[in-house]
Amino acid sequence: MGNPDFYQLWDSWELNVVDSTWNRPTGRITNTRLREKGEIKRMVDIRSLNGDNEFYSKDKALRRELISEIYADAFTEQKSEKKLMTTYEAPIMDQKTFVGLIGVDVTLDRFQQIVNRIKIKNLEDSYAFLISHNGKYAGHPDSEKLNTYVDDNPTSDQDFNLYQKMKLGETFSIIDEREEEPRFVSYQPIKISRTDTYWYLGITVPENSIIKQVNDNLYFSLIVGAIGLLLLGIVIYFVSLNISRPIHSVTDQLHKLAKGEIKTKNQLELKTGDEIQEMAEALNKTINKLNLKN
């Protein structure tokens with residue numbers, strides 16, 4: 001038991017399986033390893049001689065992996081400290097015959113620590129919580145809520161039922177309208193090993209925090225966009241200037257040529273490396289030929 005969150009490991013065997021002289025339908029022997037004062041102890045018990053209790057009888061009949069509802073259990077030897085726990089168990093089968101159960105009792109301290117560390121950056125008053133498959137808080141920043149039932153309908157929709165939604169094992173979101181300031185709540189399912197139940201991790205954020213963050217992002221985007229347009233305008237201006245200048249030079253020279261001005265000093269010197277330079281060179285050749293004829 002190197003994991004401190006594991007409080008107990010146990011197995012339970014049907015007596016009629018391990019003891020050939022026992023012919024009653026009930027009765028079992030349990031082996032338990034538990035942690036007390038930092039030490040690992042072992043206990044062996046004989047139970048259910050006069051009949052199985054309600055919980056064991058139910059789990060025995062289901063014959064599948066299960067996770068229990070959370071519960072408060074005495075944790076210390078003096079029985080003075082109680083901690084929230086849950087139990088994960090699996091059946092022990094011999095072909096199709098049920099022979100026992102094996103399980104682990106886990107404290108929820110670790111879950112509480114994880115939930116308390118979850119914060120959404122830049123969204124004020126956001127927090128996380130954990131809900132068990134039966135609708136109890138298994139983790140919450142407000143410790144008073146632990147092991148209490150979640151409101152089955154925190155919305156304005158009269159037909160909404162949180163417990164029914166959780167049984168589907170799907171991600172969903174709601175607007176919690178129980179408080180003066182509505183909150184956006186997102187629920188993410190957590191599959192518990194090979195059980196058919198889901199726990200849920202919830203993240204809740206005030207609507208005002210989301211709106212504030214959206215507005216901040218919008219203002220930032222507008223500022224960046226305005227700066228980008230300004231820079232783009234400057235770039236376009238200089239690019240167009242570099243293109244228009246040689247075109248104007250060629251146009252001016254053509255006007256002079258049309259007026260009969262064919263002096264060689266009017267020749268163009270353009271090094272644009274494109275079609276405009278080719279036009280200027282062709283125009284220079286034309287001026288040279290006209291001068292030769294004169």
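## Buried, exposed or in between

A residue counts as buried when its relative accessible area is under 20%, as exposed when that area is over 50%, and as partly exposed in between. Arginine 64 has a relative accessible area of 33%, so this residue is partly exposed. Keep in mind as you explore that this is a predicted model.

## Salt bridges

How many salt bridges does a search of the whole structure find? The search finds 4 of them. One joins the side chains of arginine 64 and aspartate 196, with 3.0 Å from N to O. Look where these two partners sit: arginine 64 is in the loop between H2 and S4, while aspartate 196 is in the loop between S11 and S12, so the pair links distant parts of the chain, 132 residues apart.

Another salt bridge brings together glutamate 14 and lysine 60, at 2.9 Å from N to O. Glutamate 14 belongs to strand S1 and lysine 60 to helix H2, so this pair ties together parts that are 46 residues apart in sequence. Glutamate 14 is buried because its relative accessibility is 2%, and lysine 60 is buried too, with a relative accessible area of 17%. Lysine 60 also meets the side chain of aspartate 52 in a salt bridge of 3.2 Å, N to O. Aspartate 52 counts as partly exposed, at 22% relative accessibility. Together, Glu14, Asp52 and Lys60 are linked in a network of salt bridges.

## Rings that pair up

The model has 6 aromatic pairs. Phenylalanine 129 is buried, with a relative accessible area of 5%, and tyrosine 137 is buried at 8%.

Is the pair of phenylalanine 172 and tyrosine 187 stacked or edge-to-face? This pair is stacked, with 4.7 Å centre to centre and 15° between the planes. Phenylalanine 172 lies in strand S10 and tyrosine 187 in strand S11, 15 residues apart, and the pair links distant parts of the chain. Both phenylalanine 172 and tyrosine 187 are buried. Ring pairs join Phe129, Tyr137, Phe160, Phe172, Tyr187 and Tyr200 into a cluster.

## Charges over rings

Arginine 28 lies over the face of tyrosine 56, 3.9 Å from the ring centre. In the same way, lysine 191 has its charged end over the ring of tyrosine 198, at 5.7 Å from the centre of that ring.

## The largest pocket

Rolling a probe the size of a water molecule over the atoms shows where empty space is left. The largest pocket has a volume of about 1100 Å³. It is lined by 37 residues, and the closest to its centre are Phe55, Asp59, Ser68, Glu69 and Glu89. Helix H2 provides the largest share of this lining, with 6 residues. By class, the lining residues are 12 nonpolar, 12 polar and 13 charged.

## The second largest pocket

The second largest pocket holds about 240 Å³ of space. Of the 14 residues lining the second largest pocket, Phe111, Leu130, Ile190, Ile192 and Trp199 are the closest to its centre. Two or more residues of this lining come from each of S6, S7, helix H3 and strand S12, and H3 gives the most, with 3 residues. Which classes of residue make up the lining of the second largest pocket? The lining has 13 nonpolar residues, 1 polar residue and no charged residues.

Conventions
Residues numbered from 1 in each chain as written. Predicted model: local features only at pLDDT ≥ 70, side-chain atom pairs only at ≥ 80, totals over all residues. Heavy atoms only, no water. 1 Å grid on protein atoms, 1.4 Å probe; cavity = no way out; pocket = protein on both sides within 12 Å on 5 of 7 lines; lining within 4 Å. Points joined across faces, edges and corners; volume = space filled by probe spheres on them. Helix = DSSP H or I, 4+ residues; strand = E, 2+ residues; numbered from the N terminus. Nonpolar A, V, L, I, M, F, W, Y, C, P; charged D, E, K, R; others polar. Phe/Tyr/Trp six-rings, centres within 6.5 Å; stacked < 30°, edge-to-face > 60°. Buried < 20%, exposed > 50% of the residue type's maximum accessible area, 1.4 Å probe, protein only. Lys NZ or Arg CZ within 6 Å of the ring centre and 35° of its normal.
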